[in-house]
Amino acid sequence: MQTFKPVLLEAVGIPDGYTLASYKSRGGYAPLERILAQKKPLDVVDMVKASGLRGRGGAGFSTGLKWTFLPKDHPGPIYLCINADESEPGTFNNRILMEDDPHQMIEGTILSAFATRASTAYIYLRYEYPQSWDRLQGAIDEAYAAGYLGNNIRGSGFSLNIYLHRGAAAYICGEETGLIESLEGKRAWPRIKPPFPAVEGLFQKPTVVNNVETMACVAQIARRGVDWFRSIGVPSDPNNPRDPGSYGPKLYCLSGHVEKPGCYEAPLGLTVRQLIDHFGGGVWKGRKAKAAIPGGISMGLFTEAEFDTPLDFAGPGRVGCLGLGTAAVVVLDETVSMVDFLHNSCRFFAHESCGQCTPCREGTSWSLRLLERIKAGKGRLKDLELLLEIGNTMGMMPGSTICGLADGAAWPIKNAIQKFRSEFEDFIRKTNPLGWMVTDPVPALQIISAH
Amino acid sequence: MIASNRNPNRILTDPMLEKIEALAPRYPNRRALTLPALHIVNDVLRHVPLEAVAEVAAVLGLAPADVQDTLSFYGFFHQEQPAGRVRAWVCRSISCALRGGEEVLETICHAAGIQPGGTTADGSITIESAECLGACDFAPCMLANKDLHKNLTPETAVAFLQSVRGRPE
Amino acid sequence: MPTVFVDGKEIEIGADQRLNCIEAARLAGAEIPHYCWHPGLSVVASCRMCLIETGSRDAATGKVSMVPKLVPACQTPVKDGTVIVTESALVKESRARVEEALLIDHPIDCPICDKAGECLLQDYHFQHGQAERRADIHPFTSRRRDVGPTVTLFVDRCVMCTRCVRFAREVSGTSELMVINRGTKEEIDFFPGHPLANKLSGNVVDLCPVGALGDKDFLYQQRVWFLKREDNVCGGCATGCSIHTEHNQDTVYRLKPRENAHVNKWWICDEGRYGWHHLHDQSRLLEATRRLPANGKALAESVVIEWAEVVTRLRSDLKSANRLAVAVSPMLTVEEAWMLCAIARSIDPQAFLAVGYIPETEADESFPGGFTIRAEKCPNRLGVEAVIAAFDASVHHWEDLLVHVAAGNASAAWITAAYPSSSAVQPWIDAKTAALFSGLECLVVQDFFNSPLADLAVWRLPAAGFAERAGTWVNAAHRAQSFGQAIRPPAGVWPEGRLFWNMLGRRGLYDPIAVRQQIAESSATFAALAGEMPATGVDLRLPQLA
């Protein structure tokens with residue numbers, strides 16, 4: 001396959017690539033100056049819509065379309081929130097973008113704020129990225145000093161402030177309304193929708209929440225053009241009018257059992273096999289792969305046989321995964337026990353569930369306890385039916401929960417048990433020889449303390 | 001609105017209050033200062049005791065329960081006593097677990113003589129498990145204060161622990 | 001008129017009505033189960049018990065298109081053509097799962113839980129839950145934590161509906177309650193040193209759908225299925241909250257607010273909620289007694305008089321003293337006030353009628369959710385004033401009566417009081433004021449507790465408590481609410497209404513409705529009292545606008 005010359009990652013490896021000087025030397029901020037001088041906000045919206053850019057944070061919603069949901073003549077203020085809470089296991093591309101090329105993201109942010117008429121942009125940055133904090137703050141300071149932020153930027157009449165806001169290690173702050181609640185100073189319980197953030201978001205004002213990589217793409221679209229962006233990736237299916245295509249370059253994170261874990265840039269549509277072989281140096285230690293997470297743990301699992309599925313917005317869904325997610329691929333080799341994998345996943349989601357709605361709060365906790373019992377050698381075959389039921393019923397898709405964390409918790413359960421059923425059954429039979437077949441209801445409970 | 005109450009037992013120092021007020025123009029209301037204020041206190045004290053929560057609430061014009069509600073959601077802020085001078089987070093999410101993260105955690109905790117989440121008696125280090133630190137390219141990894149420790153092995157983890165212990169206070 | 005379809009039934013709703021699916025379904029007789037939604041609080045849609053299927057029906061084609069997933073009924077507004085399905089297999093399974101999820105960590109200690117019998121977790125389990133337990137998780141704890149002086153929390157019974165937290169934030173505006181931690185470790189708690197101690201605290205117990213929040217006043221006192229419930233009105237202040245008096249065998253066990261959109265919505269203040277203990281106070285006056293002044297100043301021993309004799313003897317005592325002054329207590333009902341004035345004027349056509357003493361605190365207290373506790377600590381001042389206005393051109397008040405008596409213009413005084421002191425040792429009148437009445441030939445005091453005034457009285461008559469009365473009160477907003485007698489008073493007590501009815505020579509049992517009808521016919525102010533009184537009362541000013 002052709003090697004794609006990095007665009008989003010062009011600063012990686014360049015000494016002081018994160019500085020304003022370096023960014024400008026590579027063509028940065030010129031698009032911003034041009035657009036501020038010659039274009040209107042709606043022009044930028046149209047540009048991003050035309051590019052086919054879909055959000056890189058996990059949901060894959062058309063970015064330009066999302067921007068059009070803002071009310072047309074709102075007196076303001078309108079807020080732009082950059083979701084830098086990147087916490088999806090396996091994902092680290094935002095970190096690299098922020099550490100190595102913060103100005104790219106900032107230029108994208110300023111352009112997006114101009115398009116959406118936002119007057120303030122908050123970058124909600126996860127606590128665990130201290131170097132990103134330092135780099136971003138440095139870049140923001142440079143941008144103010146150069147007149148790219150603040151009042152009346154470059155005489156355009158457009159004013160913008162960008163503020164860093166630090167998180168405190170909660171995954172759910174990556175959910176857009178969880179982020180908003182956290183920014184407002186409350187517990188990060190996602191909001192019920194409607195109203196949607198574009199109508200009533202941060203501080204009850206119209207708000208757009210965009211991902212870091214999406215902002216980087218906006219900067220590159222402004223620099224290199226819509227046609228360039230659309231020349232990369234997977235075009236929309238001509239037979240399916242509802243398919244928006246998967247355009248542009250994508251940062252793929254590769255980790256787990258490969259020789260060269262890392263963040264690699266390639267057109268959307270790369271496959272897991274290509275990622276491992278071409279970029280990742282192959283499965284480590286000369287072993288074979290057994291499975292792979294396609295896009296962050298929430299998306300579920302590919303079996304090795306499914307490794308040729310294109311990693312674009314449509315591909316993973318065809319093999320029963322939740323979607324492309326963050327395109328973070330984690331490879332599991334043949335020695336990995338799927339029971340251990342699923343236990344790790346359930347533990348993650350039980351820890352991160354915000355606890356607001358019943359099916360997720362109790363479902364994530366219950367599935368963890370089931371996995372712990374199975375791991376401890378007390379599992380029953382009927383536990384697998386129960387796990388599948390939990391997996392099939394909790395989530396935004398059936399409508400039983402407020403946000404998509406539950407779907408993310410459910411998909412690994414469904415995929416792991418459906419695609420590796422015999423392994424689970426063997427494990428249960430082997431570790432619980434006397435009890436794996438039990439189907440009796442649980443006897444009455446004992447209360448151990450009264451008050 | 002710097003608290004004019006010169007209570008000598010006050011926990012929020014003037015520099016802390018100044019830092020909080022400096023952020024106030026960024027937000028349209030004071031409730032949004034909650035998390036930044038908690039970080040400002042935590043950065044200095046390595047914990048946010050209940051008294052500090054009450055003071056933050058008073059400064060921001062909120063009920064103490066509202067601030068505590070937010071604080072306790074994150075499971076991040078120690079309250080009863082300060083975290084160690086080094087706060088070490090060992091990642092236990094899938095990418096690190098696949099490359100030995102659990103062994104690293106167990107080894108370093110055992111060497112430190114504490115359970116995950118605990119702090120050594122000399123106050124030098126707290127070791128906690130973290131969920132995906134976003135450094136899967138360097139799994140298994142650990143964030144110790146602001147330093148990311150990459151590609152850990154049980155041996156390098158213990159060596160790090162010893163270096164922490166040897167540090168002057 | 002917009003039409004909504006609920007389980008195949010057509011329901012018309014008002015063009016201006018803003019209803020969610022729960023409210024619309026109720027109109028069709030379908031009760032959608034829910035924990036976290038409450039009409040008086042913000043919508044959070046977090047319990048997920050109210051998930052239903054919805055869709056819309058095209059008015060032109062009749063075609064129904066259903067939303068492909070479940071939606072919460074509480075956050076879905078209805079409009080013309082909305083289709084609601086509450087009993088499909090999908091909905092039933094969803095409810096069963098939510099119920100199952102809530103029961104996983106629940107201690108299920110119903111045998112020792114106050115809420116048994118009125119618990120939604122119990123009710124929904126039987127109506128919507130699964131027969132078998134599939135979770136293999138035990139043992140449980142059932143921890144108890146007081147969250148304030150009047151409310152206690154059984155932590156592990158909580159289903160995280162957050163109604164209590166939202167109440168403290170939105171209605172009382174005091175924000176004492178909080179959620180702590182995340183996920184299944186979440187609990188309700190309060191900040192140390194800042195317990196739940198606002199004047200509306202008790203409402204969180206009503207709101208709690210399960211046995212997590214308990215009312216310390218009621219805890220372990222009575223099983224709810226033994227309680228009988230009567231519609232009543234609180235007598236604590238001029239707000240006049242609609243209440244239910246819940247009692248067993250003439251013992252009150254608790255008061256609960258009764259929903260009244262015009263008065264108290266769903267709430268009651270703590271003083272009203274717990275303001276029934278005086279009914280069973282051992283020191284209340286329990287007999288009608290009379291003592292004749294001996295020669296000189298000292299009063300003779302008092303003698304218990306049978307009520308039948310009170311009816312005649314009281315009248316003759318007052319007649320012979322003549323020059324009567326009457327304090328019509330704002331604790332009395334409109335009917336009782338009317339009868340008392342009629343009796344007074346039949347004894348002495350010049351009888352001085354005055355509104356009785358009005359207990360008052362400094363100021364009204366309003367809460368963000370719209371609730372107000374009135375400074376005027378009596379339920380019927382407006383009603384009594386309007387009654388006296390029907391008899392006299394100008395209405396006298398307690399201060400005028402004091403002046404009248406001090407000036408020697410009365411030889412007899414009938415002071416109706418019936419004030420339930422919230423603390424038993426604080427009488428409503430002090431010795432100095434009482435002394436103004438010491439020169440009277442015949443002083444009648446009709447009160448709940450003893451007082452310096454009662455000590456000077458010839459006739460000491462026991463008064464009824466609010467739950468022992470039947471009649472009508474008019475609150476500060478001119479709303480007249482009628483109520484029946486909830487419990488019988490102690491054996492030796494005739495409620496004022498019964499005494500007055502007999503003193504007027506009426507036959508049979510005291511019939512407040514008949515008196516009300518008579519009042520409505522005689523006084524334009526009370527025209528609205530004619531006919532059947534709605535449970536939520538009636539605004540007295542409305543007929544005058546017609």
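Two residues count as in contact if their C-beta atoms, placed from the backbone, lie within 7 Å. I use that rule throughout these notes.

**Ground rules**

I am reading a predicted model, where local features need pLDDT of at least 70, side-chain atom pairs count only at pLDDT 80 or more, and totals for chains, interfaces and linings use all residues. Residues are numbered from 1 along each chain as its sequence is written, while chains are lettered from A and ligands numbered from 1 in the order in which they are written.

**Entry 1: domains of chain C**

I looked up the domain assignment of chain C. Domain bounds come from an automatic or database domain assignment. Chain C has domain 1 (3-87), domain 2 (108-115 + 138-280) and domain 3 (289-545). The C-alpha centres of domain 2 and domain 3 of chain C are 33 Å apart.

Next I checked where these two domains of chain C touch. Domain 2 of chain C puts 32 residues in contact with 34 residues of domain 3 of chain C. On the domain 2 side, β12 (228-233) and β13 (242-248) of chain C each supply at least two residues. Helices here are DSSP runs (H or I, at least four residues), strands likewise (E, at least two), and both are numbered from the N terminus. The largest share of the domain 2 side, four residues, belongs to β12(C). I then sorted the domain 2 side by class: 12 nonpolar, 15 polar and five charged residues. In this sorting, Ala, Val, Leu, Ile, Met, Phe, Trp, Tyr, Cys and Pro count as nonpolar, Asp, Glu, Lys and Arg as charged, and the others, Gly among them, as polar.

**Entry 2**

I followed strand β1 (residues 3-6) of chain C. It runs antiparallel to strand β2 (residues 9-12) of chain C, and four bridges join them. Strands pair if DSSP finds at least two bridges between them. Thr3(C) has Glu12(C) as its bridge partner in β2(C). The hairpin of β1(C) and β2(C) has two residues between the strands, and Asp7(C) there takes a positive phi near 50°.

β1(C) has a parallel partner too: two bridges join it to strand β6 (residues 82-85) of chain C. Val6(C) has Ile84(C) as its bridge partner in β6(C).

**Entry 3: a three-stranded sheet in chain C**

I found an open sheet with antiparallel pairing and the order β7-β8-β11 (chain C). Why is one side of β7 and of β11 of chain C left without a neighbour in the sheet? β7 (144-146) and β11 (213-215) of chain C stand at the edges with a single partner strand each, so one side of each has no neighbour in the sheet. Three bridges join strand β8 (residues 151-154) of chain C to β11(C). Leu153(C) stands opposite Leu213(C) in β11(C).

**Entry 4: the core**

I asked which residues touch the most other members of the largest nonpolar core. They are Val326(C), Val328(C) and Val444(C), in a core of 366 residues. Such a core is a set of buried Ala, Val, Leu, Ile, Met, Phe, Trp, Tyr and Cys residues joined through C-beta atoms within 7 Å. A residue is buried if 20 or more other C-beta atoms lie within 10 Å of its own, exposed if 12 or fewer, and partly exposed in between. α8(C) gives the largest share of this core, nine residues. Leaving out residues up to four places away in sequence, Val326(C) touches Leu340(C), Ala344(C), Ala351(C), Phe352(C), Leu353(C), Ala354(C) and Trp414(C).

I also checked helix α9 (residues 381-391) of chain C. Its buried residues include Leu382(C), Val384(C) and Ile388(C). The buried residues of α9(C) pack against β17 (324-328), α8 (334-347), β18 (352-355) and β24 (471-474) of chain C.

**Entry 5: chains A and B**

I turned to the sheet of chain A. Four strands form an open sheet with parallel pairing, in the order β3-β2-β1-β4 (chain A). Its edge strands are β3 (161-166) and β4 (207-211) of chain A. Strand β1 (residues 79-84) of chain A pairs with β4(A) over five bridges. Asn83(A) stands opposite Asn211(A) in β4(A).

Last, I looked at chain B. Its division is domain 1 (14-74) and domain 2 (86-165), with C-alpha centres 29 Å apart. The contact between chains B and A takes 31 residues from chain B and 42 residues from chain A. On the chain B side, α2 (34-45), α4 (64-74) and α5 (94-98) of chain B give two or more residues each. That side divides into 18 nonpolar, seven polar and six charged residues.
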